[in-house]
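Dear colleague,

I am handing over the structure below, and after it I set out what was found. Please read the notes with the structure open beside them.

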Amino acid sequence: MRKLVLFLHSSLDGFVEGPKGAMDIGFVSYDADLENEAKNILSTVDTVVWGHGTYEMMYSYWPTVPENPDASSYERNHAKWIEQVEKLVFSTTLDEVKWNNTRLVKENIVEEIQKLKSTSGGDLLILGSPRLAHFLMTHDLIDEYKITVSPVLVGGGLRLFEKGVHPTKLKLISQKTFDSGAMSLDYEVIR
């Protein structure tokens, strides 16, 4: 059985988006340590799960990276990986998705996730998409939380855990502290 894993960057005060929205994430201490952590997390994944907004943001950026002379080797490798991995977009408002290996799911989100989790394969990874994550939390579908916490207080924006989240017991699987002061926390849901 596959796991549905949430991977997000957060501020110490629990915000995953700043006051100006999704792109207001300059608070993330993204460096070689976090690149390596992301690479390790992605190594267990064969399907990325996104909501509408994150899909559009990712699609507007990652396909342009191979042609960007200023892109780092990490960015080029990630662009190659993300081009090939299966991508699922959950949206009731999009009419189509154009990215390679991408499928649009417009309805029955809970049933689709349950069906995917019951098949064999690598992990399903919610990569960003905090609003979709909130919805999936309310249906108790997330099996693991992989959160990197940056050493900064943002003071406003979108929180990772909003009202409506059910009380959930978690088991700490691993934790790492990086030179930047950022931390990586990995929690498994106990059912």
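In this predicted model, strand 4 (residues 86-90) has four of its five residues buried, so the strand is largely enclosed by the rest of the structure. Here buried means under 20% relative accessible area, exposed means over 50%, and partly exposed lies in between, with a 1.4 Å probe and protein chains only. Helices (H or I, at least four residues) and strands (E, at least two) are DSSP runs, numbered from the N terminus.

Strand 4 has a partner in strand 3 (residues 45-51), and the two pair in the parallel sense over five bridges; two strands are said to pair if DSSP finds at least two bridges between them. Strand 4 is also joined to strand 5 (residues 102-105) by four bridges, and these two strands again run parallel.

As for the helices, the buried residues of helix 5 (residues 130-138) include Pro-130, Leu-132, Ala-133, His-134, Leu-136 and Met-137. Just after this helix, Asp-140 takes a positive phi of about 55 degrees.

A further place to look is Leu-153, which is found in the loop between strand 7 (144-150) and strand 8 (158-159). Leu-153 counts as exposed because its relative accessibility is 62%. Leaving aside neighbours within four places in sequence, Leu-153 is in contact (heavy atoms within 4.5 Å) with Leu-12 and Asp-13. Leu-153 and Gly-14 are 139 residues apart in sequence, yet their C-alpha atoms are 8.4 Å apart in space.

Turning to the whole protein chain, there are five helices and ten strands, and 46% of the 191 residues count as buried. The radius of gyration, taken over C-alpha atoms, is 16 Å, which agrees with the value near 16 Å for a compact globule of 191 residues, where the globule rule is 2.2 Å times the number of residues to the power 0.38. Along its principal axes the C-alpha trace spans about 45 × 40 × 30 Å. Among contacts between residues at least 6 apart in sequence, 69% join residues at least 24 apart.

Residues are numbered from 1 along each chain as its sequence is written, and side-chain values use heavy atoms, with hydrogens and water left out. Because the model is predicted, local features need pLDDT of at least 70 and side-chain atom pairs count only at pLDDT 80 or more, whereas totals for chains, interfaces and linings use all residues.

With best wishes
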